[in-house]
Amino acid sequence: KGHSYFLPAMISNYNIANELGQGQHNGYYDALRHAVWSAMDAADIGYMNANQFHSLHETEHWDDIESPSDLANNSWGYSWAETFGDPKDNMDQFLLDFDNAVKNGQINIIP
């Protein structure tokens, strides 16, 4: 299937992630936005497609500080989705696990 087939799900996921991200650039909510959007996309369009899209976005707009952090947070989101499924089906658990990952240093937060 072409990538355009996935656009409705990806746009919906983007909107949910942006709402959770509270429009923040960097910081806790930006990290959350990256992780949850990646997790939702991985659940909806598959790990490989989500990884390809999100990685391409970061590498095309490379920033030596932000991009590695965003890629790492995306990766955490993919892993979560592979283990637990779609965060939309269990957002409370996702948010709890995200907070624990922040505390454990598994999430990169740029001040």
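Ser38 counts as buried because its relative accessibility is 0%; buried means under 20% relative accessible area, exposed over 50%, and partly exposed in between, with a 1.4 Å probe and protein chains only. The model is predicted, so local features need pLDDT of at least 70 and side-chain atom pairs count only at pLDDT 80 or more, while totals for chains, interfaces and linings use all residues. Residues are numbered from 1 along each chain as its sequence is written, and side-chain values use heavy atoms, with hydrogens and water left out.

Ser38 is part of helix H2. Helices here are DSSP runs of H or I with at least four residues, strands are runs of E with at least two, and both are numbered from the N terminus. A polar atom of the Ser38 side chain lies 2.9 Å from the backbone oxygen of His34. The side chains of Ser38 and Asn74 are joined by a polar contact of 3.0 Å. A polar contact is a pair of N or O atoms within 3.5 Å; within protein, one must be able to donate a hydrogen and the other to accept it, and residues adjacent in sequence count only if both atoms are side-chain atoms. Not counting residues up to four places away in sequence, Ser38 touches Ala50, His54, Asn74 and Tyr78, where contact means heavy atoms within 4.5 Å.

Asn13, in helix H1, is buried because its relative accessible area is 1%. Its side chain reaches the backbone oxygen of Met40 at 3.5 Å. With residues up to four places away in sequence not counted, Asn13 touches Trp37, Met40, Asp41, Asp44 and Lys88.

**The nonpolar core**

A nonpolar core is a set of buried Ala, Val, Leu, Ile, Met, Phe, Trp, Tyr and Cys residues joined through side-chain atoms within 4.5 Å. The largest one has 22 residues, and Val36, Trp76, Phe94, Phe98 and Ile107 have the most contacts inside it. Helix H1 (7-21), H2, H4 and helix H5 (91-103) are the elements that give two or more residues to this core. H2 gives the most, with nine residues. Trp76, leaving aside its neighbours within four places in sequence, is in contact with Ala35, Phe94, Asp97, Phe98, Ala101, Gln106 and Ile107.

**Pocket and cavity**

Rolling a probe the size of a water molecule over the atoms shows where empty space is left. On a 1 Å grid over the protein atoms alone, a cavity is a set of points where a 1.4 Å probe fits but cannot get out, and a pocket is an open set with protein on both sides within 12 Å along at least five of seven lines; lining residues have an atom within 4 Å of a point. Grid points are joined across faces, edges and corners, and a volume is the space filled by probe spheres set on the points.

The largest pocket is lined by 14 residues, with His34, His57, Glu58, Glu66 and Asp70 nearest its centre. Helix H2 (27-45), helix H3 (47-60) and helix H4 (66-84) are the elements that give two or more residues to this lining. The largest share, four residues, comes from H2.

A search of the whole structure finds one cavity of 30 Å³ or more. Its lining consists of Asn26, Gly27, Asp30, Ala31, Ser69, Asp70, Asn73, Asn108, Ile109 and Ile110. H2 and H4 each supply at least two of the residues lining the largest cavity.

The table gives volumes and lining make-up. Ala, Val, Leu, Ile, Met, Phe, Trp, Tyr, Cys and Pro count as nonpolar, Asp, Glu, Lys and Arg as charged, and the others, Gly among them, as polar.

| Space | Volume | Lining residues by class |
|---|---|---|
| Largest pocket | about 170 Å³ | two nonpolar, six polar, six charged |
| Largest cavity | about 30 Å³ | three nonpolar, five polar, two charged |

**A loop and a proline**

Most residues other than glycine have a negative phi, and most peptide bonds are trans. Gln22, although not a glycine, has a positive phi of about 55°. Asn26 also has a positive phi, near 70°. Gln22 is in the loop between H1 and H2, and Asn26 is found in the loop between H1 and H2 as well. Gln22 is exposed, with a relative accessible area of 53%, whereas Asn26 counts as buried at 11% relative accessibility.

Pro68 belongs to helix H4 and is partly exposed, with a relative accessible area of 38%. The C-alpha atoms of Pro68 and Asn108 are separated by 8.9 Å, and the two residues are 40 residues apart along the chain. Leaving aside neighbours within four places in sequence, Pro68 is in contact with Trp62 and Asp63.
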